[in-house]
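User: I would like to go through the terms used for this model and see what each one rests on.

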Amino acid sequence: MEAQVLAALHDASGPATAAWVQERLGGDLAYTTVMTILSRLHAKQAVTRERSGRAYVWTPAADEAGLAALRMRRVLDGEPDRDAVLTSFVSALSPHDEQLLRTLLDPATTDGPATTDDPATADGPAPAGGSAAEPGTGRRH
């Protein structure tokens with residue numbers, strides 16, 4: 001239902017009321033249900049709201065890609081072993097997605113030449129306990 005409400009808000013030409021969203025969804029949901037969904041989306045920072053008289057008008061906080069990224073961050077934040085989750089996620093990427101991720105991360109990580117002080121960026125000896133993993137792939141080099 002959250003996805004349907006967000007889709008309706010994305011279709012709006014500007015901020016929308018809960019009544020507009022309810023109508024857009026065909027009126028099958030009760031107004032209070034639409035308000036509950038909008039309030040939950042607001043708590044998740046997926047929508048913003050602004051007072052308009054006695055009611056609120058609602059706007060999506062991000063485009064579809066931004067909302068998907070927000071959901072991914074929430075899932076990651078809810079897991080106790082972030083390293084394991086990220087490793088599993090990255091190891092399952094297609095070659096194209098892996099290359100895209102590398103391209104996106106390169107500007108943030110290339111502040112200069114790698115030093116041997118940082119095993120994550122050095123091509124020097126592997127840390128104790130095995131060979132160094134190629135960053136972001138789980139592959140050994």
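This is a predicted model: local features need pLDDT of at least 70, side-chain atom pairs count only at pLDDT 80 or more; totals for chains, interfaces and linings use all residues.

User: Why is helix H1 called roughly perpendicular to helix H3?

Analyst: The axes of H1 (residues 2-11) and H3 (residues 31-43) cross at roughly 85 degrees and come within 10 Å. Angles of 65 to 115 degrees count as roughly perpendicular, so H1 is placed in that class relative to H3.

User: Which residues of H1 and H3 meet?

Analyst: From H1, Glu2, Val5, Leu6 and Leu9 meet Ile37, Leu38, Arg40 and Leu41 of H3. Sorted by class, this contact has six nonpolar and two charged residues, with no polar ones.

User: What makes strands S1 and S2 a pair?

Analyst: Two strands pair if there are at least two bridges between them. S1 (residues 47-52) and S2 (residues 55-60) have six bridges, in the antiparallel sense, and therefore meet that cut-off. Within the pair, Arg49 has Trp58 in S2 as its bridge partner. The two strands form a hairpin with two residues between them, and Gly53 in the turn has a positive phi of about 70 degrees.

User: What lines the second largest pocket?

Analyst: This pocket has a volume of about 470 Å³. Of its 13 lining residues, Ala69, Met72, Leu86, Phe89 and Leu101 are the closest to the centre. Helices H4 (64-77), H5 (82-91) and H6 (95-109) each give two or more residues to the lining, and H4 gives the largest share, five residues.

User: How many of the lining residues are nonpolar?

Analyst: Eleven are nonpolar, two are charged and none is polar.

Notes: Residues are numbered from 1 along each chain as its sequence is written. Side-chain values use heavy atoms; hydrogens and water are left out. Axes are lines fitted to C-alpha atoms, for helices over the stretch in contact, and angles run from 0 to 180 degrees between N-to-C directions. Helices (H or I, at least four residues) and strands (E, at least two) are DSSP runs, numbered from the N terminus. Angles under 35 degrees count as roughly parallel, over 145 as roughly antiparallel, 65 to 115 as roughly perpendicular and the rest as oblique. Contact means heavy atoms within 4.5 Å. Ala, Val, Leu, Ile, Met, Phe, Trp, Tyr, Cys and Pro count as nonpolar, Asp, Glu, Lys and Arg as charged, and the others, Gly among them, as polar. On a 1 Å grid over the protein atoms alone, a cavity is a set of points where a 1.4 Å probe fits but cannot get out, and a pocket is an open set with protein on both sides within 12 Å along at least five of seven lines; lining residues have an atom within 4 Å of a point. Grid points are joined across faces, edges and corners, and a volume is the space filled by probe spheres set on the points.
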